[in-house]
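Biologist: I have a model open and a few things to ask about it. Shall we go through them in turn?

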Amino acid sequence: MMIRYASYFIAALLPLLLFRWFVPASVGEIDFWLLWLLAMIVVSLPVVYAEIALAYRSVDAPLAGMQKLTREADASPVWRSFGWLAALVSIVIAALVISGASTGILAALTELNSVPDVPSFALAAGLIVITVLLSLLGVAPLPIGLGLMVVGLLMGLTNGLPTTHFAMTGINLSEWARAVALALVSVGAGTGLYWFGQNLVAKQVITANTHNMQKRATSEYRATKSVLPIWILQLLVGVVVLLLSGMAVPPIGQLLYWGGVLFVASYLLHYSTQQLAHKFGLVISLIATFVLALVLVVAVPTTWLVGILVIVSTVAVLLLSIFAGWQMKISHLRKSLNFGNEAFYNLWRVAIRLVVPLALLLALIGWVMQWLS
């Protein structure tokens, strides 16, 4: 039962995890949130549709599924790198939020006058060990993590909502870059998490159903039934996070919140381990995930982690959009999406082939301009 709702947990949790890294200093910039909404519509929505369609077509997880799909489309093996990048994006996100949790826990313990006499990197390494052990539980940590994070935030509400002053500011490519990055990471586009979740559900259905029931399920299948609930949930959570930005949370609430973050990060590491296990086996994949996450948390500054996440996730989404838009056979994707109206399919195809790559390239230019300045 938990597997069926894993995608919805992720949809609710990713904005809570990642908004803080990409929102502007002044959260009341109306133009930024309008750009974010535009990016959610023209970039994230088509990409989530593509993930769900490829999941349905491949009937396998991203790394293994891309091997099937490239053979089916007679496409270059280069496109299979999406599976590897998706696993890497997941590890980078986990490293980023664990690094934030380490800093946040130390700050909360300082307020409580209970700071442990250990270096900050040692605490971060310990948190990585805990998170990797939790990853062995699979999907189970997700509701626990969500519960702890929500309780922590509710404790902050006792001080009242923060005051936000909304105003229009100038629009530029750097602002578009941040809006696109926020839309991608808060939706989880480029991570393959929804592809993975869809595959887990599909395996349950295939196991439970007879051949005739599978045929009937195929005729009733609509990608929209999976995509829109996820996308709308992310929009709603995004608005809530916007209203809560800048809220003062008491130390105990902070500890609960960051504890929940560790539970959620464990699922991200579980996902990446499962992807790598397709090639290297479970034990080697678990060790590789642990070592890479440990290096990223201990040796890489948080600001660099944000930059790495932006670059890798953008490249992953770019690969996915070009493969789905230009390499896959039209008839296969039409069946996988199963839109009720041909016009919707045509709109999606234009978006995934032209709009998404162009928006991503403009965002990359914006990031380069921001970094150079």
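Biologist: Which residues lie nearest the centre of the second largest pocket?

Modeller: Bear in mind that this is a predicted model. The second largest pocket holds about 520 Å³ of space. Its lining is made up of 20 residues. Those nearest its centre are Arg20, Leu153, Gly246, Met247 and Tyr257.

Biologist: Which helix gives the most to the lining of the second largest pocket?

Modeller: The elements that give two or more residues to this lining are helix 1 (6-22), helix 4 (81-111), helix 10 (223-244) and helix 11 (251-280). One of them gives 4 residues, the most to the lining. That is helix 1.

Biologist: How many residues of that lining are charged?

Modeller: The lining of the second largest pocket has 15 nonpolar residues. Another 4 are polar. The charged count is 1.

Biologist: Turning to helix packing, are helix 2 and helix 15 parallel or oblique to each other?

Modeller: Helix 2 (residues 30-58) packs on helix 15 (residues 342-372) with the axes 9 Å apart. The angle is about 125°. Angles over 145 degrees would count as roughly antiparallel, and 65 to 115 as roughly perpendicular. The two helices are therefore oblique.

Biologist: Which residues of helix 15 meet helix 2?

Modeller: The crossing of these two helices is left-handed. Helix 2 brings Val42, Val43, Pro46, Val47, Tyr49 and Ala50 to the contact. The contact residues are 13 nonpolar, with no polar and no charged. On the helix 15 side they are Trp348, Ala351, Ile352, Val355, Val356, Ala359 and Leu360.

Methods: Residues are numbered from 1 along each chain as its sequence is written. This is a predicted model: local features need pLDDT of at least 70, side-chain atom pairs count only at pLDDT 80 or more; totals for chains, interfaces and linings use all residues. Side-chain values use heavy atoms; hydrogens and water are left out. Axes are lines fitted to C-alpha atoms, for helices over the stretch in contact, and angles run from 0 to 180 degrees between N-to-C directions. Angles under 35 degrees count as roughly parallel, over 145 as roughly antiparallel, 65 to 115 as roughly perpendicular and the rest as oblique. A crossing is left-handed if the near helix is turned anticlockwise from the far one by less than a right angle, and right-handed if clockwise. Contact means heavy atoms within 4.5 Å. Ala, Val, Leu, Ile, Met, Phe, Trp, Tyr, Cys and Pro count as nonpolar, Asp, Glu, Lys and Arg as charged, and the others, Gly among them, as polar. On a 1 Å grid over the protein atoms alone, a cavity is a set of points where a 1.4 Å probe fits but cannot get out, and a pocket is an open set with protein on both sides within 12 Å along at least five of seven lines; lining residues have an atom within 4 Å of a point. Grid points are joined across faces, edges and corners, and a volume is the space filled by probe spheres set on the points.
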